[in-house]
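Morning, everyone. Please look at the chain on the screen while I talk. I'll go from the overall fold down to two single residues.

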Amino acid sequence: MPSLTSRPPGPAAAEAGAPADAPSRPGRDPFFDNAKYLAIVLVAMGHSWEPLPGSGRVVETLYTFVYTFHMPVFIILAGYFSRGLELRSGRMWKLVTSLVVPYAVFEIAYTLFERLTGSPQFPLSPLTPYWLLWFLPALFLWRLTTPFWETVRWPVAVALVIAAMGAVTSNIGGDLHLQRILQFLPYYVLGLQLRPAHFDLVRRRAVRIAAVPVCLVALAAAYWAVPRTTTSWFFRRYGAEQLGSPAWAGAPVTLLLFGCALVLSACFLAWVPNRRLWMTALGAGTLYGYLLHGFVIKGAVKLGFFEEDVFSTPAGRILVSVAAAAMVTALCSPPVRRVFRYVVEPRLQWAVKPKPAP
């Protein structure tokens with residue numbers, strides 16, 4: 001089995017705004033780009049299922065199954081490519097330009113979008129991220145804490161304790177979706193601890209075969225759980241009491257969701273192709289697909305697209321899923337990335353103080 005990368009990911013790889021979202025090059029292992037592309041497809045499909053009228057138990061089952069692991073996979077990869085991150089001035093500036101600046105730009109863009117499409121009083125609130133934009137400030141804050149997690153003993157256990165505290169507390173507030181930042185933290189910390197050998201392990205043929213019955217059992221469990229619980233647990237945006245459960249339930253649910261996400265993430269990665277395919281180049285543009293597909297989904301909702309009778313049928317729901325996959329694929333393509341590069345990956349060299357002469 002080939003090694004994961006021709007060189008280990010270090011500080012240079014950690015500079016990217018999303019997990020290794022640099023242009024594809026020969027030294028990159030296509031496995032990771034393929035994984036990111038397939039994960040962003042699941043994200044877009046999940047978002048397209050949310051507005052479906054009377055989606056039904058089957059769609060809710062798929063929604064629960066996908067939401068168990070699709071963001072954890074992204075965050076684990078983000079942590080993996082943040083290993084060795086040093087908070088020097090150059091690295092800090094790269095974090096600002098790749099995360100903070102796009103967050104500010106898209107927060108304004110989505111606010112204008114809402115105001116121009118029927119919500120003229122929609123507030124511009126930088127501390128309350130718009131829908132999917134929470135991931136940018138979350139990744140920024142997680143990466144700032146990287147040196148701590150690479151120093152402390154038992155980092156994943158400590159991160160799980162912090163996540164559990166976030167789940168049992170309901171008065172943290174909505175600034176920057178701090179609940180999510182705390183509850184998704186263990187996946188980032190886990191990614192920091194992973195090494196190439198761990199990915200080699202999940203790519204073995206035996207794991208690939210075992211992933212099939214595991215996923216079937218997970219789908220059956222999701223089908224059973226749909227009428228008995230709320231999918232809001234998977235958003236990690238609320239405390240246990242806000243979801244109608246006693247506060248103490250937040251801790252065991254945090255551990256349960258972490259275990260389920262870990263198992264299903266391994267199953268997902270086991271089936272990611274190892275070789276370079278048509279999707280490999282698209283994996284370098286997942287941040288573009290992530291930030292831009294919200295305009296398409298929200299636009300379709302405002303136009304009443306999902307209210308058509310056809311989308312209440314199984315064929316219509318399949319059509320929505322395929323359309324979402326095609327849409328986000330187009331948004332990850334090189335032409336779209338060239339158009340939006342200046343707002344998604346700005347360099348802003350003009351704002352950098354020149355270095356003093358020796």
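First, a term: a residue is buried when its relative accessible area is under 20%. By that cut-off, buried residues make up 50% of the 358 residues in this protein. Keep in mind that this is a predicted model.

Now the fold. The protein has 16 helices and zero strands. Along the principal axes, the C-alpha atoms fill a box of roughly 70 × 50 × 45 Å.

What about contacts? Take those between residues at least 6 apart in sequence: 83% of them join residues at least 24 apart.

Charges next. There are 32 positive side chains and 17 negative ones. The centres of the two sets lie 9 Å apart.

Now the backbone. Most residues other than glycine have a negative phi. Which way does Trp131 go, positive or negative phi? Positive, at about 45°, and Trp131 is not a glycine. You'll find Trp131 in the loop between helix H5 (89-116) and helix H6 (135-144).

His177 is another non-glycine with a positive phi, about 55° here. His177 sits in the loop between helix H8 (155-168) and helix H9 (178-183). Is His177 buried or exposed? Its relative accessibility is 4%, so His177 counts as buried.

That's the tour. Questions, please.

Notes
Residues are numbered from 1 along each chain as its sequence is written. This is a predicted model: local features need pLDDT of at least 70, side-chain atom pairs count only at pLDDT 80 or more; totals for chains, interfaces and linings use all residues. Side-chain values use heavy atoms; hydrogens and water are left out. Helices (H or I, at least four residues) and strands (E, at least two) are DSSP runs, numbered from the N terminus. Buried means under 20% relative accessible area, exposed over 50%, partly exposed in between (1.4 Å probe, protein chains only). Contact means heavy atoms within 4.5 Å. Lys and Arg count as positive and Asp and Glu as negative; His and the chain ends are not counted. The place of a charge is taken as NZ of Lys, CZ of Arg, CG of Asp or CD of Glu.
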